[in-house]
Amino acid sequence: MLRLASLVIRPLIALVGAVILNMAGNGIERKNCVVRNGIHITKQLNGKQRKFNHEIFQNGTIKEAKEMPNSTTKRKRRSKESFEKVPLCTAIMTYLGFYLLMFLGYINRLFFTPKVAKERNREGYAPLYDRFESFYLQYVYRRVRDCWNRPICSVPGAEVVLKDRMTPDYGWTFQFTGTTTKCLNLGSYNYLGFAEATGPCASSAAQAIQEYGCASCSPVQEFGTHPLVVELEKLTAEFLGVEDSIVFGMGFGTNSLNLPSLISQGCLVLSDEKNHASLILGLRLSGATIRVFKHNNMKDLEKHLKDAIVKGQPKTRRPWRKILIVVEGVYSMEGSIVKLPEVLELKKKYKAYVYLDEAHSIGALGEKGRGVVDYYGCNPKDVDILMGTFTKSFGSAGGYIAGSKHLIDYLRVNSHAACYASSMSPPIVMQILTSMSIIMGKDGSLEGERRIRQLAQNTRYFRRRLKKMGVIVYGNEDSPVVPLLVYMFSKIGAVVRTLLERKIATVGVGFPATPLMEGRIRFCLSAAHTREQLDMALDVLEEMASLLGLRYSQLPIPDDEVAYDDELE
Ligand SMILES: Cc1ncc(COP(=O)(O)O)c(C=O)c1O
C-alpha cells in the first residue's frame, strides 16, 4: 500500500515540481566570490575575478593552490548528445494514462480475477510474491505482454525469424500457432554483425567443438584452462592495449561477481544513476557505501568526490579506504556515451579509481572498435578496471576484465567467478577469437574496418533521419543504441505491434526499466543492416509518426539533406 501511495504521490509531486520549475526558469544568480568546501576559491586579482583550484588528497590534506584556466577562454565543444524534455501536456497525458490503467487494473482484479492470477496451494502461507509487483505484472504489463519475451528461431542477424503466438485470454497465456515471421531485426545487440550462422566465426566455432567439446566442465582453477581461454585472454589484452585480461562465461556475472572482490565495507562507490543491474548487484553484494550521481553529470560527480574527501566516512570521519567511480561506455537505455576524458580528469584530481563497463561500447565505438577509450583517444592504462562483454559486438557470450597484470593476477586468485564458475565454453571462445581477430585485421582483410565504418554510417544516417521526422531521440549522435521516445505505455504497445505487422522487430522499454514518463522504443543498429533495410524501416516509422502522433520534438527540424555516405567526423 505504501509503495502504491509513493508511486502515485511522488510522480504527482514531481509533476507539480516540474511545472513550477518550468515557470521559474533558470534565472537563479549565484554569488561570485565563494569558498566551497575549501576547494575552489574565487579571488579578486588585478581587478579581475580569477579562480584557483587546490589539489586534494584522500586523507583530507589540501595542497598549494593552482590557478584554473579561465572557463570563458576554453574552446566550446559541440555537444553530440541530446535529451529533449518531455512536453508538459504529454507528461500530463502520460501520467493520466498510467493512473487510468492502474485504476482499471484494480477494478478488473476486484471483479474478474481469472484462475491463472491466483497463487495455488497457498492456504495458510504468506504470499510468496510481492503484492504490488504481482498486480503490476498481471494488470498493467499484461496488456502489452505480447510485445516482450518473443521467442525467436533463427540467428539474430540483420533479419530474425520470430515464432508466432496468439493469446486466447488477453495476455494471461500464449500459444504457438506453428507459423513463423521473418522480420528486419532492430532489436538485437549485434553491433558489428557477427551473429551469423555461416562464415568464418561459425565454422571456427564448430571446429572448436570437434577439438574440445562444448564445455570444459570445470572452473579455471581446476581443469578449466583450455588453450583457447589462454589465447583469448592474451588477445583481449592486446586488443585493448593493456597488460593482461581475464575472461568469464557470463557478462552479468563478470560485474556482479568481480566487484565484491575489489571493494568492501569502508570503500565508497560513486555510481552513475543509469548503471546496469549487474553493476548495481555487484556493488550491493560488496558491502561498500554507494552514492549515486546524476547521469553523466560531471558537476554532480565532482560534488560527490569533494564531499567524500572533505567529510570522510559517516560517524567516524575517517578517510574512505578507496573511492571507485563506476560508469558505462554506452548507456543501453539512454543511448548516451560516458564523458570519459572528464571522468579520468576527476579521477586523477581526486585520486579515485575508475571501473568502466564497455558492454555496449566495445566493438561499437572508436576508429578501431576498441570502445569508448578509442572513441575519445584516451590512454587505456588510465582506466583502472576495464570491463566488457562478448555478447554484443562479438556475437558470442561472456565477459572480460582487463587492466594491469597486478589487477588480473589478483582477480585470478580472489574472484568468485574465476574460482567457482565453470570456464568459458570452447566454441563460444572460438567465436570471440575469430571475430576479434577480424576486427583487429589479423585475418589480413579490411573486413573488420568495413564493419566498424558501416555501423558508424548506419548510426548517423538512422539518427539524423529520425531527427528530421520531428520525433524525440535520446542520446549521442554516435551511439548505435537509438531510443525513440513515445512516452505513453499504450504507445509502446501500439508502435511495437504496428512495426511487427510491417515485419520490423523492435524492443519497447517502459516502467520500471525507465522512468514512468519515459516509455520508448529502442532500436539497436548493426553493421549487418544495409541502407535499403534502414530506408524501409524509416519509411514505415515516418508513416507511424503521423498515425500514432510521435512527433513530439519542439526543436527546429534540420533542413539539410541526410546523405548515407556522409563524411564521418
Ligand atoms: C552495461 C551492461 N553490463 C553488463 C551486462 C551483462 O552482460 P551479459 O548480457 O553479457 O550477461 C549488460 C547486458 O546487457 C549491460 O548492458
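**Notes on the predicted model**

1. In this predicted model, seven strands form an open sheet with mixed pairing, and their order across it is β8-β14-β13-β12-β11-β9-β10. The edge positions are taken by β8 (244–248) and β10 (289–293), each of which has a single partner strand, so one side of each is left without a neighbour in the sheet. Ignoring direction, neighbouring strands of this sheet are turned by 20° against each other on average.

2. Strand β13 (residues 385–389) and strand β14 (residues 399–403) run antiparallel and are joined by four bridges; Thr389, for instance, has Gly399 of β14 as its bridge partner.

3. A further open sheet is made of three strands in the order β16-β19-β18, and here the pairing is antiparallel. Because β16 (481–487) and β18 (507–509) stand at the edges with a single partner strand each, one side of each is left without a neighbour in the sheet. The twist from one strand to the next averages 30°.

4. The pairing of β18 with strand β19 (residues 519–524) is antiparallel and rests on three bridges, and Val509 has Arg520 in β19 as its bridge partner. Helix α15 (residues 489–501) packs on this sheet and touches β16, β18 and β19, with a direction that makes about 35° with that of β19.

5. Which residues come nearest to the ligand? Of the 14 residues around it, these are Gly251, Phe252, His276, Ala359 and Thr391. Helix α6 (residues 251–262) supplies the largest share of the shell around the ligand, namely three residues. By residue class, the shell divides into nine polar, three nonpolar and two charged residues.

6. The UniProt record, an unreviewed entry, places the feature "transmembrane region" at residues 6–24 and 86–107. Over residues 86–107 the model has 91% helix and 0% strand, with the end C-alpha atoms 30 Å apart.

7. As for the chain overall, there are 16 helices and 19 strands, and 38% of the 569 residues count as buried. Among contacts between residues at least 6 apart in sequence, 70% join residues at least 24 apart.

Key:
Residues numbered from 1 in each chain as written. Predicted model: local features only at pLDDT ≥ 70, side-chain atom pairs only at ≥ 80, totals over all residues. Pairing = 2+ DSSP bridges. Helix = DSSP H or I, 4+ residues; strand = E, 2+ residues; numbered from the N terminus. Axes fitted to C-alpha atoms, helices over the stretch in contact; angles between N-to-C directions. Contact = placed C-beta atoms within 7 Å. Buried ≥ 20, exposed ≤ 12 C-beta atoms within 10 Å, placed from the backbone. Near = placed C-beta within 6 Å. Nonpolar A, V, L, I, M, F, W, Y, C, P; charged D, E, K, R; others polar. UniProt positions renumbered as here; feature names shortened; annotations may be inferred.
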